[in-house]
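Here are a few friendly notes to read alongside the model. Take them one at a time, and keep the 3D view open as you go.

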Amino acid sequence: MKTLTAVAACLSLGIAAPALAQEHGHGDHAAHGSQHGHQHADFESGRFHVRVDGPEHPVGDIILIPGLTSSPEIWEALTEQLKGRYRVHRVHVQGFAGAPAEANATGPVAAPVAEDLACYIAEQGLNKPVVIGHSMGGTIALMLAARHPDSVGKLMVVDMVPFMGAMFGPPGTTAESVAPVADQVYAGMSTSPRAAYDAQATASINGMILTESLRAGPIRDMETSDQQVAASSFRELIVTDLRPELANITAPTEVLYVKFNDPRMTPEITDAIYSMSYQGLRGVELKRIDDSAHFIMLDQPAVFAAEVNAFLE
């Protein structure tokens, strides 16, 4: 009954979709998908489209959500490992990595994507899927699990805190107090000449991936992302404080993280910040992954896959 109610709610939002994965999923993406051996879910939201890989009779469903300006390609190695047993749903947020902005062209991105993911889960008839989100994808995953707790079976957040705005202000910073800073950041990102924006974003991504040979893909994703969508998303992340909502999450949750990329931040300080940030989430498991930067799945693919597999068991 809950699923029917959720589908009705989605239909009232104007989101309609049959429940099967089809090759003819999302316009131009269909041809691209068939070339790469995956299919696209027959689901139209204007917020994202979904690549689907896996067997006809999977043991379960896994939804993978990438971060700011990232494409589903960051999950390639993990998908290869999982798709023999699980049906893997890789989200591609509109406006990122070559996808047209569509409904994400103005306003918030993460929160509406989370709402449409709840619709996706209901309409596709997914039974308590595992949801794994990296960075901004982690924020979206937390929103989904907190606001639609019955939709998520297990939750893994990869290198993201529930209130990123805390890093942009003094101790005691709130979503309200950090808003002027977020507005400044947004103004800088959204009005910067594209060449300057790309140069700064490239430097930032280089700091997020230790493995030099694997930086080109995420940089290309950034260069083919919509600058306005990225700026709006980043502003939204700064002013989104999910700590008060953590208590709503019922799914078993694990958070993988790395030492903050700042020489003043020791592993111990990083541990303390994560522990404090997630103290409102009952039973959460926190694990620091060493010798890795922000893109753990690229810097430590074997360790990352082992953590995911252990989490799935």
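1. Let us begin with two words that will come up again: a residue counts as buried when its relative accessible area is under 20%, and as exposed when that area is over 50%. Please also remember that this is a predicted model.

2. Now for the overall picture. The chain has twelve helices and nine strands. Of its 313 residues, 52% count as buried. The accessible surface comes to about 13400 Å², and carbon and sulfur atoms hold 56% of that area. If we take the contacts with a separation of 6 or more, 74% of them join residues 24 or more positions apart.

3. Find helix 10, which covers residues 267–277. Which of its residues are buried? They are Thr270, Tyr274 and Ser277. These three cover an arc of only 65 degrees around the axis, so they sit on the same side of helix 10.

4. Two packed helices are described by the angle between their axes and the distance between the axes. Helix 7 (residues 194–208) packs with helix 8 (residues 216–223) at an angle of about 150 degrees, and their axes are 10 Å apart. Angles over 145 degrees count as roughly antiparallel, and that is why helix 7 is described as roughly antiparallel to helix 8. Helix 7 passes helix 8 in a right-handed crossing. On the helix 7 side, the contact is made by Arg194, Tyr197, Asp198, Ala201, Thr202, Ile205 and Asn206. Helix 8 contributes Pro218, Ile219, Met222 and Glu223.

5. Is Ala141 buried or exposed? Ala141 has a relative accessible area of 0%, so it is buried. Leaving aside residues up to four places away in sequence, Ala141 touches Ile65, Val131, Gly133 and Leu155.

Terms used:
Residues numbered from 1 in each chain as written. Predicted model: local features only at pLDDT ≥ 70, side-chain atom pairs only at ≥ 80, totals over all residues. Heavy atoms only, no water. Buried < 20%, exposed > 50% of the residue type's maximum accessible area, 1.4 Å probe, protein only. Contact = heavy atoms within 4.5 Å. Helix = DSSP H or I, 4+ residues; strand = E, 2+ residues; numbered from the N terminus. Areas by Shrake-Rupley, 256 points an atom, 1.4 Å probe, with all protein chains shown as cover. Arc of directions from axis to C-beta. Axes fitted to C-alpha atoms, helices over the stretch in contact; angles between N-to-C directions. Parallel < 35°, antiparallel > 145°, perpendicular 65-115°, else oblique. Left-handed = near helix turned anticlockwise from the far one by under 90°.
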